[in-house]
Amino acid sequence: VKAVAGRPVYLSQVADVAIGGEVRHGLATMDGQGETVAGMVLKLIGTNTSEVIAAAKERLEAINSVLPPGVRAVAYYDQATLVAKCVATVTDALVEGVVLVVVVLLVFLGGWRPSAVVALSIPFSILFAFILMQAFGISANLMSLGGLAIAIGMMVDGAVVMVENVDRVLRQSDPEEPRVHVVARACVEVARPVAFAILIIIVVFLPLFTLQGVEGKTFRPLAYTVALAMGGSLLFTLFLAPVASYLFMRGPRRTGAGGAAHEETRIVRFLRRRYRPLVALFVRSRALSLGLFAGVLAAGAAAFPLLGAEFVRSLR
């Protein structure tokens with residue numbers, strides 16, 4: 001402890017020294033019914049959460065088999081529930097998006113044949129993304145599946161352009177011309193611009209691959225799945241959509257003088273009648289166009305502070 005006149009004073013001379021317990025820093029309770037012994041499983045960075053949880057549950061069963069009677073290790077907070085809710089939420093959004101896209105296609109394309117060809121691009125693109133996710137070790141989580149949900153509307157863009165052009169050329173072509181030639185000619189007309197359009201969408205997501213740290217872990221899976229899904233969409237549009245168009249689509253039935261029975265659906269004709277006068281009005285009046293632009297921009301700027309800052313949608 002100290003020295004007095006050159007003689008040391010030892011701790012044993014002024015106190016009783018014994019081995020005791022560690023200083024307590026906290027406690028754990030369970031369901032408000034008293035204290036309990038708690039443990040925590042930590043996973044390594046980059047590992048699959050679902051696989052770690054499954055392995056931890058197997059280990060708990062092995063531990064419980066050798067514990068004395070009356071003592072059990074029980075999972076108090078199981079993160080698998082959160083993971084399942086995340087995946088279920090995004091899966092529901094994915095299914096709802098597919099159904100909505102198919103309904104819109106049926107309404108605007110006006111027939112089940114072109115709608116079926118376009119709708120086939122969705123499962124093809126999703127399966128293509130899943131296959132490459134498995135190959136690259138990308139897990140199905142909230143952000144990766146969210147990327148697929150975001151890309152649903154974009155997956156069909158190229159196929160819509162391809163199918164609509166095939167439908168147009170079939171209506172305008174000579175009935176005696178072989179259908180395979182008509183479909184091939186229609187697909188070649190739009191193949192290059194469609195390919196560039198889809199590649200531009202993929203390029204837009206490339207900056208997300210450069211993110212590091214937490215933001216990189218969060219958003220890179222989304223960027224990967226969007227890029228993979230759009231790559232599958234590009235393959236479908238260029239190689240499978242022409243084949244499916246030839247197999248499913250037919251030219252319109254001709255009326256007396258060789259004209260087509262119909263060229264547009266009722267809703268498209270209705271929208272076109274309303275759209276053309278508005279376009280003509282804004283083309284004639286530059287001041288009106290600029291005023292509308294400024295008004296919409298001001299309304300967006302005024303609403304921006306009221307948008308909130310929610311990062312993750314609620315889980316069902």
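**Group meeting: a walk through the predicted model**

F124 is partly exposed, at 28% relative accessibility. Partly exposed here sits between two cut-offs: buried is under 20% relative accessible area and exposed is over 50%, with a 1.4 Å probe and protein chains only.

Some ground rules. This is a predicted model, where local features need pLDDT of at least 70, side-chain atom pairs count only at pLDDT 80 or more, and totals for chains, interfaces and linings use all residues. Residues are numbered from 1 along each chain as its sequence is written, and side-chain values use heavy atoms, with hydrogens and water left out.

Back to F124. What does F124 form with F128? The two make a stacked aromatic pair, 6.4 Å centre to centre with 15° between the planes. Rings of Phe, Tyr and Trp (its six-membered ring) pair if their centres lie within 6.5 Å; planes under 30 degrees apart are stacked, over 60 edge-to-face, and the rest tilted. F124 and F128 are four residues apart in helix α5, so about one helical turn separates them. Helices here are DSSP runs of H or I with at least four residues, strands are E runs with at least two, and both are numbered from the N terminus. F128 is also partly exposed, at 23% relative accessibility.

Next partner. The ring centres of F124 and F236 are 5.7 Å apart with the planes at 45°, so this pair is tilted. F124 is in helix α5 and F236 in helix α9, so the pair ties together parts 112 residues apart in sequence. F236 is buried, at 4% relative accessibility. Ring pairs join F124, F128 and F236 into a cluster. The structure holds three aromatic pairs.

One more ring. R179 lies over the face of Y246, 4.7 Å from the ring centre. The rule for that is NZ of Lys or CZ of Arg within 6 Å of the ring centre and within 35 degrees of the ring normal.

Stay with α5. S121 is in this helix. Is S121 buried or exposed? S121 is buried, with a relative accessible area of 0%. A polar atom of its side chain lies 2.6 Å from the backbone oxygen of V118. A polar contact is a pair of N or O atoms within 3.5 Å; within protein, one must be able to donate a hydrogen and the other to accept it, and residues adjacent in sequence count only if both atoms are side-chain atoms. Neighbours within four places in sequence aside, S121 is in contact with M155, V156, A159 and F236. Contact means heavy atoms within 4.5 Å.

Over to α9. T237 lies in this helix, and T237 is buried at 0% relative accessibility. The side chain of T237 reaches the backbone oxygen of S233 at 2.8 Å. Not counting residues up to four places away in sequence, T237 touches G158, A159, M162, V194, I198 and P242.

Now α7. This helix covers residues 157–172, 16 residues in all, and should span 22 Å at 1.5 Å a residue; the end C-alpha atoms are 23 Å apart, which agrees. The expected span is 1.5 Å times one less than the number of residues. Its buried residues include G158, A159, M162 and V166. What do the buried residues of α7 pack against? They pack against α3 (79–109), α4 (112–119), α5 (121–136), α8 (179–204) and α9 (213–248). R171 is also in α7, and R171 is buried with a relative accessible area of 15%. R171 and R250 are 79 residues apart along the chain, yet their C-alpha atoms are separated by 9.2 Å.

Now the core. The largest nonpolar core has 49 residues, and those with the most contacts inside it are L105, V118, L148, M155, V166 and V226. Each of α3, α4, α5, α6 (142–155), α7, α8 and α9 supplies at least two residues of this core. Which helix gives the most? That is α9, with ten residues. The core is a set of buried Ala, Val, Leu, Ile, Met, Phe, Trp, Tyr and Cys residues joined through side-chain atoms within 4.5 Å. V226 touches G147, A151, M154 and F205, not counting residues up to four places away in sequence.

Last stop, the start of the chain. A5 lies in the loop between β1 (2–4) and β2 (7–9). A5 is exposed, at 80% relative accessibility. A5 has a positive phi of about 55° although it is not a glycine. Most residues other than glycine have a negative phi.
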